[in-house]
Amino acid sequence: MIFLQGGDGFLGSYIYKLLKKNKFKVKKIYKNEFNYKNCEVFINCSTNSRKYLSKTKNFYEFNNSIKNIKKTIVKFNFKKYILISTCEVYSDKKNSSEKSNINFNNLSNYGFYKYLCELLIIKETQKWLILRCNGIIGENMK
């Protein structure tokens, strides 16, 4: 079983449709729903995606990113955790790779909190995958 938090969002809804189309057992999980505790894979697409809010509302960013991640790590049992993150964790987005050093002093609030989420997952889970997306666009974009 795969749990997908953020399955109604822009990217999450696409991932949900793709998993269902390929016959995976997937359940959408909502931020306040903790009835289903055991899964093979937990995919989190539900951290804050609104960069402009992180400029002025740090508690919004903290609650919707870091607190969200911590809650899912504590409340669910999973074999692998997948986080949909952002390339905003890189100071130099044009010349970066997964091996690039990340200087958090040069990051925006948005990139900084996403990087903290990644570190939390790396520290507290055994098997993880972090996907750093760049400029997602598509037909359902609002």
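The protein chain exposes about 9,300 Å², an area from the Shrake-Rupley method with a 1.4 Å probe. Carbon and sulfur atoms supply 52% of that area. This is a predicted model: local features need pLDDT of at least 70, side-chain atom pairs count only at pLDDT 80 or more, and totals for chains, interfaces and linings use all residues. Residues are numbered from 1 along each chain as its sequence is written, and side-chain values use heavy atoms, with hydrogens and water left out.

**Overall layout**

- The protein chain has four helices and five strands. Helices (H or I, at least four residues) and strands (E, at least two) are DSSP runs, numbered from the N terminus.
- Along the sequence, the order is β-α-β-β-α-α-β-α-β.
- The chain has 142 residues, and 41% of them count as buried. Buried means under 20% relative accessible area, exposed means over 50%, and partly exposed lies in between (1.4 Å probe, protein chains only).
- Take the contacts between residues at least 6 apart in sequence: 70% of them join residues at least 24 apart. A contact means heavy atoms within 4.5 Å.

**Strand β3 and its partners**

- Strand β3 covers residues 38–44 and is mostly covered, with five of its seven residues buried.
- β3 pairs with strand β1 (residues 2–5) in the parallel sense, over four bridges. Two strands pair if DSSP finds at least two bridges between them.
- β3 also runs parallel to strand β4 (residues 77–86), and six bridges join these two.
- F42 in β3 stands opposite F3. F42 also stands opposite Y81 in β4.
- In a regular strand, side chains alternate between the two faces of the sheet.

**Helix α4**

- Helix α4 spans residues 109–124, which makes 16 residues.
- From its first C-alpha to its last, α4 reaches 22 Å, close to the 22 Å expected at 1.5 Å a residue. The expected span is 1.5 Å times one less than the number of residues.
- Its buried residues include Y110, Y113, Y115, L120 and I121. K114 and E118 are also among them.

**Cysteines**

- The structure holds zero disulfides. A disulfide is a pair of cysteine sulfur atoms within 2.5 Å.
- C133 counts as partly exposed, because its relative accessibility is 22%.
- C117, in α4, is on the buried list of that helix. Its relative accessible area is 0%, so C117 counts as buried.
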